[in-house]
Amino acid sequence: MQFHHNGYVSGEPRVLPAAGTGIDRPADLPDEVDVLIVGSGPAGMLLAAQMSQFPTITTRMIERRDGRLALGQADGIQPRSVETFQAFGFAPHIISEAYNIGWMNYWTPDPRHPDNIIRTTRQADYANDIGEFPHLIVNQARVLDYFAEAALRGPARITPDYGIEFLDLTVHETGEYPVEVRVRYVAGPRAGEERTIRAKYVGGADGARSRVRESIGRKHIGNFSAHAWGVMDVTVETDFPDWRTKCAINSEAGNILHIPREGGYLCRVYVDLGEVPEGDHHKVRETPLEKTVEKANEILHPYTLKVKQAAWYSVYEVGHRVTDKFDDVDVDADHAPHVFLMGDACHTHSAKAGQGMNVSMQDGFNLGWKLGSVLTGRSPEALLSTYSAERQPVAQQLIDFDREWSSLMARKPEEISDPHELANFYMATSEFPSGFMTQYTPSMITGEATHQELATGYPIGKRFKSAEVVRVCDGNVEHLGHHHLADGRWRIYAFADAAGQNEASALADWAQWVQSSPESPVVRYTPAGADEDAVFDVKVVYQQDFADIDVLAAPEVFRPRCGQLQLMNWEKVFAGGSGTDIFAERGLSRDGAVVVVRPDQYVAAVLPLEATGELSAFFAQNMVAAAR
């Protein structure tokens, strides 16, 4: 990370200087806010952490609870989420305390003794092959803690307003703050008091029974299946040999999905409670813990478990529902939305695929930078219409995937013709649960694949897949994508042509245009007086060995002046030809290429170095010229 450019920092460098609304932040909820976040779950807390990077925007988050979540229900952290944690600055910290899923084992009935189970497959987890980030298990409460810390350390110093309940809202057609929100204090000395506040935008992250969703007339579409599962976080005494390995267990008595948890002792166990009889009216949800433990022992036979402590227990019926739209305007409306739904407020499903928290966080990541861009005047309000357009199809894909996975997990032994089928499905579909399959379609922020052949390893619309490069200034090997922080900036990666640092090169011409042309996005959209890289983080990767590259000979656009001291940034010049070769790994043309990446780490455009007009035209549709 970089610091000292605003003067010497002797304390924790991840705590950014307070600015704007973060200076003397009012303790009480203001009457008017720019962004009101309802709910402090994964989507809401990530959104708060992102908005904390925009201190000129007044953002507040209300939560009905009177304090932090002590024990969350979600726990699976997919590689894409860990990549997102990297962007917010806490991936190494959460990795160190989480359980790392290295393997998944599969158990089925013993053909010779069908009442017993035997291990039939031992399989390395997909995270080992799909990227550099692990597949983790850690309690949702700790994820929220890390995002809360990131929000508080950001310049806007955002922290939840606990003990405030959302009641309803009304969206008015006019006014600077068109969303009228009624809230009620439910804790503290003001408990029972109701008040009205006004907001420009509202983010509804208030769960499956979302009142925000009800207030804007959106509907959950879908049903519960006739199948129930008991789920428990437990410490046990057991002779089951794979207790510290993730397992899918199929037996004559039912099924278990077993997931070890952080800390070395706690485990989560999903226990198949079977088909729910018609007319049950959710009575299955009253199944006591003791009955679920008894069922687990039947499934695990000949092994046994004795529960020493249950940290959490619940029973749920598998449901698959997605909301008809994720904002408050109809598809054919001629105005931008003002209310947005995230997480369980707009998609619910089973917990066994480990997707709920992960997809919810990506909802918040997608929305956050767009709100920040619009409210700071960088982008037109039309940008906000892309939120529902992009995230609703992802939610539907999730529902479809989870429906198939849940059905496979609930099968009876006689319905299984191939004991390896579940393991094969788990690996064959790994790109989706890992979080890497999402691909946004062309829009004002995602270009066409006209020049995709120049960077085949960076499919347009998919997340930017990092690779190792060498930082020229110090010779250190770095992951290029790990410098992509959640700071609201666009990334423009210039992959140099083979001419390298010769004056007669396509890269030199491109860099000169970016630095000085009135049509350059850097020139056109960077506000007067701001750092040269305040809106666009422009980096170069040369094909040559790092020892053959001179930082001070790199074009000025790759050596911007930053901070109060206006110091030259030495860390934007890289080489891709030392040990590892990013050009070969990511299918980059030796003639060079420009890869544009959105603030949420998705590839927006791939262009030739010569296509400066196309680069200018791309940003003209999603940004507003800055005051000069």
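**View 1. Domain layout of the predicted chain.** The domain assignment, whose bounds come from an automatic or database source, divides the chain into domain 1 (20-70 + 140-221 + 321-429), domain 2 (99-133 + 225-317) and domain 3 (452-621). Between the C-alpha centres of domain 2 and domain 3 the separation is 48 Å. The model is predicted: local features need pLDDT of at least 70, side-chain atom pairs count only at pLDDT 80 or more, and totals for chains, interfaces and linings use all residues. Residues are numbered from 1 along each chain as its sequence is written, and side-chain values use heavy atoms, with hydrogens and water left out.

**View 2. Helix α5 and its surroundings.** Helix α5 covers residues 140-153, 14 residues in total; helices are DSSP runs (H or I, at least four residues) and strands likewise (E, at least two), numbered from the N terminus. From first to last C-alpha α5 reaches 20 Å, close to the 20 Å expected at 1.5 Å a residue, where the expected span is 1.5 Å times one less than the number of residues. Its buried residues (under 20% relative accessible area; exposed is over 50%, partly exposed in between; 1.4 Å probe, protein chains only) include V143, L144, Y146 and F147. The buried residues of α5 pack against α1 (42-51), β3 (76-77), α2 (79-88), α3 (91-97) and α8 (356-375), contact meaning heavy atoms within 4.5 Å.

View 3. T159 is located in the loop between α5 and β8 (161-162). T159 counts as partly exposed because its relative accessibility is 31%. Leaving aside residues up to four places away in sequence, T159 touches R25 and L152.
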